[in-house]
Amino acid sequence: MELLIEKAPKRGKVNVILSIVLLVLISRALMLFTGYIGMNLFSKSSQVPVYMQNVPGTLSKWTVKLPGELASTEKLRLEDFIKFDTYSYLKIATQGYDKFRMDEPHSAANWVFFPLFPLLIFLLGKIFWFEPAIVGMIVSNLCLLGALIYIYFIALQRGLSERQAGTVLLLIVIYPSSIYYTLPYTESLFLLLSAASIYYAGSKKYALAFIAASLSTVTRVPGFINLALVMGTVFMDEGFKWTWRYLKWSLYSILSLIPMGIYLLHMKIVTGDFMAPFHEQSLHWFRYTTIPFVNYIGYLKKPYFSTPDGWDNGFIAFTVSTAVFIVFLSYLFVHMKKLLMNKHELLFFVYGLLLIVIPFSSQPLFLVSVVRYMMVSIPLYFYLVTLTEKWENARIFYMMLFMILQVFVTLGFFNGYYFVI
């Protein structure tokens, strides 16, 4: 991190870091407050609401029974943060990967969850002796803080003003699924490694960029896109004419595959299948490689509010997806000349676009999880700020949309609704 801020004036970098820390604290506190209020005002997805009869003469004869005294309200507990994929990450951190063979009949295995995040929980758990879930949340929030610091300096690196850089960070923390940056999930870690890859590649610190991108490949599936970005940046910076320095970059590229190689080798030992994490996706986790945007087009043909199993709220997912598509398409239209004339900008655009395309290439029927998957596309936030620099109303619209939907997602998460996954 010191390499990132060493060029900033000492007083300035302290103010930047303190401001980002404050942004993280305020945004997380407001999110927890929303969850607390929602748990006491609205019913749980898996519980029948309790009704009470009002006194005669009131507007309604029956109403939902709400807590009376403040002391009787339901408080946030550690268990309220442990949902969905968190169980798998914590199990890997404490017990390792499921140990049965790929060719044996088995239930959904946790092989599909990549190892870096649970490994960090395991290692830090040995030092601090906290509950694994608490360690996971500490890791996620620290990674979010580090990611925002990197992204702030990437914004300055790309010529944005300090005010614009601050707006980029604000958009990230109010994005509809940003609650996952605080939970024992991989989003914060992946965002941090992606931001580090972009920053160091842009600073020509290729070794650090390769390290960050390499680690991102064992954090989430799209990590290979970070690796492609770093490789592409090296080629564009160094030129396509052969020099002996390419031996060094080639060595970096080969070494960057080691973390994934170790993971797949472990999978071979455990399951008998090198590609078990990917084969298991379609076998038990209902993830299938498809033509991009088949699920989005399917929604246009047959709109739905919620799937029968409750895992997808199509209206929210479609709304956010459309808002994101508009940003990328608008940027392509407005800055077409810039993208064609500047290969680095074109690479950055393709990089961000791929992180959007992948979520729409793994599920042919519904829009499950696409809102959460798109949140780590860093170019999205830069393009939104750039496009709305002269259209303040458009920026306000996106901020309001993000904040309103974030409230819904946060309420849904703490009340156990599946569509927030």
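Reader: Which residues of α3 and α4 meet each other?
Author: From α3, Y89, L90, I92 and A93 take part. They meet F117, P118, I121 and F122 of α4. Keep in mind that this is a predicted model.

Reader: What classes of residue are in that contact?
Author: Eight residues are nonpolar. No polar and no charged residues take part in the contact of α3 with α4.

Reader: Is the crossing of α3 and α4 left-handed or right-handed?
Author: The crossing of α3 and α4 is right-handed.

Reader: New topic. Where do I find Q164?
Author: Look in helix α6, residues 162-174.

Reader: Is Q164 buried or exposed, and why?
Author: Q164 is buried, because its relative accessible area is 13%, and buried means under 20%.

Reader: What does Q164 touch?
Author: Leaving out residues up to four places away in sequence, Q164 touches V385 and E389.

Reader: How far is Q164 from A276?
Author: In space, 43 Å, C-alpha to C-alpha. In sequence, Q164 and A276 are 112 residues apart.

Reader: Which other residues of α6 are buried?
Author: Besides Q164, the buried residues in α6 are A165, T167, V168, L169, L171, I172, V173 and I174.

Reader: How many residues does α6 have, and what is its reach?
Author: α6 has 13 residues. From first C-alpha to last, α6 reaches 19 Å, close to the 18 Å expected at 1.5 Å a residue.

Reader: How do α5 and α6 cross?
Author: At roughly 140 degrees, and their axes come within 9 Å. α5 passes α6 in a right-handed crossing. On the α5 side, L148, I151, Y152, A155 and L156 make the contact. On the α6 side, the residues are E162, A165, G166, V168, L169, I172 and V173.

Reader: And the classes there?
Author: The contact of α5 with α6 has 10 nonpolar, one polar and one charged residues.

Reader: Let's move to α9. Why does its span agree with what it should be?
Author: Helix α9 has 16 residues, 223-238, so at 1.5 Å a residue it should span 22 Å. The end C-alpha atoms of α9 are 23 Å apart, which agrees.

Reader: What do the buried residues of α9 pack against?
Author: They pack against α7, α8, α10 and α16. Among the buried residues of α9 are I225, N226, L227, L229 and E238.

Reader: What follows α9?
Author: G239, whose phi is positive, near 90 degrees.

Reader: You mentioned α16. At what angle do α16 and α18 pack?
Author: About 115 degrees, with their axes 8 Å apart. α16 passes α18 in a left-handed crossing. E345, F348, F349, Y351 and G352 of α16 make the contact with P379, F382 and Y383 of α18. By class, six of these residues are nonpolar, one is polar and one is charged.

Reader: Last one. Where is N313?
Author: N313 is in the loop between α13 and α14. With 7% relative accessibility, N313 counts as buried. N313 touches F305, S306 and F419, not counting residues up to four places away in sequence.

Technical notes: Residues numbered from 1 in each chain as written. Predicted model: local features only at pLDDT ≥ 70, side-chain atom pairs only at ≥ 80, totals over all residues. Heavy atoms only, no water. Left-handed = near helix turned anticlockwise from the far one by under 90°. Helix = DSSP H or I, 4+ residues; strand = E, 2+ residues; numbered from the N terminus. Contact = heavy atoms within 4.5 Å. Nonpolar A, V, L, I, M, F, W, Y, C, P; charged D, E, K, R; others polar. Expected span 1.5 Å × (residues − 1). Buried < 20%, exposed > 50% of the residue type's maximum accessible area, 1.4 Å probe, protein only. Axes fitted to C-alpha atoms, helices over the stretch in contact; angles between N-to-C directions.
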